[in-house]
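Reader: I would like a close look at a single part of this model, namely the place where the two chains meet. Please take me through it with care, and give the cut-off behind each term as it comes up.

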2 protein chains.
Amino acid sequence: MKSRSPSRARSHYWVFKISAVDSKSFLELVKRRRSCRDYSEAPVPDELIGNCLEAARLAPSACNKQPWRFIVVKDCVLRGRICSEGLLPGIPMPWTQKAPVIVVLGAETSIVTHTIAPLISKVQYHLVDIGIAGEHFVLAAEAQDLGTCWIGWFNEKKIRRILNLPRSFQILSLISLGYPASPLELVQDSSRMKIEEIAKFL
Amino acid sequence: MKSRSPSRARSHYWVFKISAVDSKSFLELVKRRRSCRDYSEAPVPDELIGNCLEAARLAPSACNKQPWRFIVVKDCVLRGRICSEGLLPGIPMPWTQKAPVIVVLGAETSIVTHTIAPLISKVQYHLVDIGIAGEHFVLAAEAQDLGTCWIGWFNEKKIRRILNLPRSFQILSLISLGYPASPLELVQDSSRMKIEEIAKFL
């Protein structure tokens with residue numbers, strides 16, 4: 001970014017303007033962000049969670065509908081119940097019990113956006129929007145050295161009952177949040193398809 | 001981020017280690033990123049598009065299925081047809097004609113991920129995944145001073161015919177890409193719901 005170029009502010013000082021994210025540093029953030037499945041017990045300050053929510057709040061959405069809702073569960077009894085009763089069997093996830101925060105990410109559904117619009121566009125755009133806002137949350141967490149994991153293997157009915165949520169609240173994902181117990185490796189290049197497999201230029 | 005702290009490298013120089021994205025700079029990136037609906041005619045170098053694709057490629061996805069596919073349309077005849085025949089009536093978008101690149105973002109659908117999995121989870125996770133990867137693309141573009149706009153108001157059948165795409169390719173969004181004709185304002189705070197409206201702590 002041009003704003004990174006040094007400017008001589010005083011005769012013997014170089015002052016860098018550090019404000020903008022350039023392509024390289026954004027790619028580094030993306031590579032650093034791994035699914036974290038082992039958390040330390042250190043609590044996460046509310047201010048840091050607030051930064052994640054702020055990044056999510058500012059996300060773009062279809063018709064600016066902002067369907068995303070975040071329930072930040074810090075209470076250890078509720079978290080315990082979500083992680084023991086609210087997950088689906090088959091894939092044991094005992095590590096969720098150690099995460100100091102479980103975020104329940106959902107959408108506030110409405111007739112216009114979730115029934116009529118998909119009839120025209122054939123796409124449930126609130127799901128795309130939830131992906132966008134959720135990833136803003138996750139990347140903002142990574143930018144603060146916090147670990148996260150998207151969790152899709154849950155029992156919606158049970159979590160809705162545990163948290164006393166209305167039926168209009170469609171739970172779409174859980175996101176675990178906390179400090180990683182140990183440093184995470186970068187995203188392995190071999191774990192992803194090649195550019196040629198996912199993109200084509202015309 | 002700790003890596004930002006200055007260290008005295010020489011007696012009269014402060015050297016900053018500029019590599020990591022911190023919460024403040026990530027929020028600035030998110031705020032800077034507006035939907036761009038007025039493009040300059042300057043072409044976008046392939047290398048910059050490649051950086052956007054690389055950021056998208058590394059995105060997380062449900063079961064690491066990586067359903068996203070990007071068709072980067074630079075050819076002006078194809079672009080012209082997409083923007084004239086491929087958009088839905090009702091909301092005129094003449095500005096799309098000026099964008100030097102139209103990205104067709106879709107999912108390669110399969111029986112397991114798009115029929116069986118949603119029966120269990122009740123959620124079409126490939127749509128969430130498309131949101132995540134598409135937003136990586138969009139934020140990487142912003143980090144390179146490129147403008148983008150998610151476009152959901154299109155005629156899937158017509159675009160599929162124009163680009164000769166198979167039925168397994170589900171088009172989920174278009175993304176216009178190019179240099180903004182004029183600087184964009186930051187995201188207006190008033191255009192988004194408040195934190196209290198989208199988040200709750202328990």
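Author: In this predicted model, 82 residues of chain B are in contact with 83 residues of chain A, contact meaning heavy atoms within 4.5 Å. Residues are numbered from 1 along each chain as its sequence is written, while chains are lettered from A and ligands numbered from 1 in the order in which they are written. Local features need pLDDT of at least 70, side-chain atom pairs count only at pLDDT 80 or more, totals for chains, interfaces and linings use all residues, and side-chain values use heavy atoms, with hydrogens and water left out.

Between them the two chains bury about 7500 Å², 65% of it on carbon and sulfur atoms; buried area is the accessible area (1.4 Å probe) that two parts lose on being put together, summed over both. Arg57(B), Ile198(B) and Leu202(B) supply 10% of the area that chain B buries against chain A, which is more than any other three residues.

Arg57(B) also forms a salt bridge with Asp189(A), with the closest N and O atoms 2.4 Å apart, where a salt bridge is a side-chain nitrogen of Lys or Arg within 4 Å of a carboxyl oxygen of Asp or Glu.

A rotation of 180° with 0.0 Å of shift along its axis superposes chain B on chain A, at an RMSD of 0.0 Å, by least squares on the C-alpha atoms of residues with pLDDT of at least 70 in both. That is the relation of a two-fold axis. Since 100% of the interface residues of chain B are also interface residues in chain A, the copies meet through the same surface.
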